[in-house]
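Here is a short tour to read alongside the model. Keep the viewer open and follow the topics one by one.

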Amino acid sequence: MSSKYALGYSEREIKRLHFQSSIIEPITIRMLRSCGISRGQNVLDIGSGTGCVSRLASIMVGSTGSVTGIEQSCSAINIANRDKKDNISYICGKFEEVAFNKKFDVVVGRAVLLFQDKIHLFLEKAANLVKPGGYLAFHEIDDSRQFHSYPPVGLWDRTMAELLIRLKKVCPQYDISRRFVKVFDEVGISIPNITYEIPVAGGRAEKLCFWAVETLCSLSENPESILFSDGFKTNSKSLLYSLQNEIYKNKSQVEFLGQSCAWVKIK
Ligand SMILES: C[S@@+](CC[C@H](N)C(=O)[O-])C[C@H]1O[C@@H](n2cnc3c(N)ncnc32)[C@H](O)[C@@H]1O
């Protein structure tokens with residue numbers, strides 16, 4: 001069985017995910033280290049996508065450890081398999097529907113809670129799969145916080161506002177980064193440790209502009225003709241060029257989607 005991922009798995013979206021991963025990887029690594037991830041451990045990566053987190057974890061647990069990636073999109077797993085390490089195995093299926101015959105030292109997910117309709121059931125199952133003394137850990141992207149640019153860059157603020165509108169439509173838990181404590185508590189999991197980082201850049205802010213435009217493209221029918229909700233029409237190349245120029249001209253610094261991690265030891 002294969003379910004659909006809202007942003008699809010075009011070659012462009014795969015490149016975007018890998019680009020995004022290269023920027024946010026240090027945050028995921030810090031979270032996994034805080035969970036005491038070490039050689040020989042067994043890790044479950046929920047919503048493993050094209051395998052970015054699984055590959056990270058596989059290095060951290062080494063050849064004596066193992067990583068299981070569970071992913072609902074079989075085409076994403078085919079892509080992950082292009083660069084699979086020996087200690088990784090992928091399962092194609094919806095996490096809620098797959099039965100696991102063992103527990104794990106660390107159960108991790110990145111940018112996956114955002115997409116869950118039944119988040120309580122999802123979290124409960126994830127927590128039950130952690131060995132006593134092991135860790136449950138999520139790195140999520142905050143799709144609820146209003147962006148800022150200072151001095152203000154109108155085009156950046158407008159683009160980010162459009163991005164939030166589109167992300168909210170496809171992410172039932174778009175604000176999960178701000179509700180970790182509440183939702184964990186509702187499921188009977190202890191209060192997690194939480195970090196929140198905001199990517200910020202100035203100059204031409206190349207990386208943030210590219211990340212923003214490509215995310216918008218993955219949420220657009222046709223990246224060569226992007227129609228904003230406020231009627232503004234653009235395309236990916238011209239938007240990228242204008243954003244970089246405006247930010248540079250205004251000597252502004254701009255903020256992007258917040259990166260939030262929550263991790264907790266399971267008793
Ligand atoms: C934004 S991608 C992130 C992929 C990867 N974790 C990363 O950080 O590169 C979210 C992934 O979670 C998968 N996913 C969402 N809900 C799922 C579920 N209930 N069971 C399995 N996979 C799921 C999607 O198909 C998608 O590949």
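In this predicted model, helix H4 meets helix H6 through Ile-119, His-120, Leu-123, Glu-124 and Ala-127 on the H4 side, and through Val-183, Glu-186 and Val-187 on the H6 side. By class, this contact is made of five nonpolar, one polar and two charged residues. H4 covers residues 119-128 and H6 covers residues 180-187; the two pack at an angle of about 70°, with their axes 9 Å apart. Because angles of 65 to 115 degrees count as roughly perpendicular, H4 is roughly perpendicular to H6.

**The sheet**

- Now step over to the open sheet, which has seven strands in the order S3-S2-S1-S4-S5-S12-S7, with mixed pairing.
- Its edge strands are S3 (88-92) and S7, each of which pairs on one side only.
- From one strand to the next, the twist averages 15°.
- Strand S4 (residues 104-110) runs parallel to S5, and six bridges link the two; Phe-104 stands opposite Val-130 in S5.
- Helix H2 packs on this sheet, where it touches S1 (42-46), S2, S3 and S4. The direction of H2 makes about 165° with that of S2.

**Strand S12 and its neighbours**

- How many of the eight residues of strand S12 (residues 258-265) are buried? Six of them are, which leaves the strand mostly covered.
- On one pairing, S12 is joined to S5 (residues 130-142) by eight bridges, and the two strands run antiparallel. His-139 has Cys-261 in S12 as its bridge partner.
- S12 also pairs with S7 (residues 193-197), again in the antiparallel sense, over five bridges. Here Glu-197 has Gln-259 in S12 as its bridge partner.

**Around the ligand**

- The ligand is surrounded by 20 residues, and the closest are Tyr-5, Gly-47, Gly-49, Gln-72 and Arg-110.
- Sorted by class, this shell has ten nonpolar, six polar and four charged residues.
- Which elements each supply at least two residues of the shell? They are helix H1 (11-34), helix H2 (52-61) and strand S2 (66-71).

**Backbone details worth a look**

- Tyr-150 and Pro-151 are joined by a cis peptide bond, with omega at about -10°. You will find Pro-151 in the loop between strand S6 (149-150) and helix H5 (154-170).
- Ala-205 is not a glycine, yet it has a positive phi of about 45°. Its place is in the loop between strand S8 (200-201) and helix H7 (206-218).
- Is Ala-205 buried or exposed? Ala-205 has 25 other C-beta atoms within 10 Å, and since 20 or more count as buried, Ala-205 is buried.
- Lys-251 also has a positive phi, of about 50°, although it is not a glycine. Lys-251 lies in the loop between helix H8 (236-249) and strand S11 (253-255).
- Lys-251 is exposed, because it has 10 other C-beta atoms within 10 Å and 12 or fewer count as exposed.

How values were computed
Residues numbered from 1 in each chain as written. Predicted model: local features only at pLDDT ≥ 70, side-chain atom pairs only at ≥ 80, totals over all residues. Near = placed C-beta within 6 Å. Helix = DSSP H or I, 4+ residues; strand = E, 2+ residues; numbered from the N terminus. Nonpolar A, V, L, I, M, F, W, Y, C, P; charged D, E, K, R; others polar. Axes fitted to C-alpha atoms, helices over the stretch in contact; angles between N-to-C directions. Parallel < 35°, antiparallel > 145°, perpendicular 65-115°, else oblique. Contact = placed C-beta atoms within 7 Å. Pairing = 2+ DSSP bridges.
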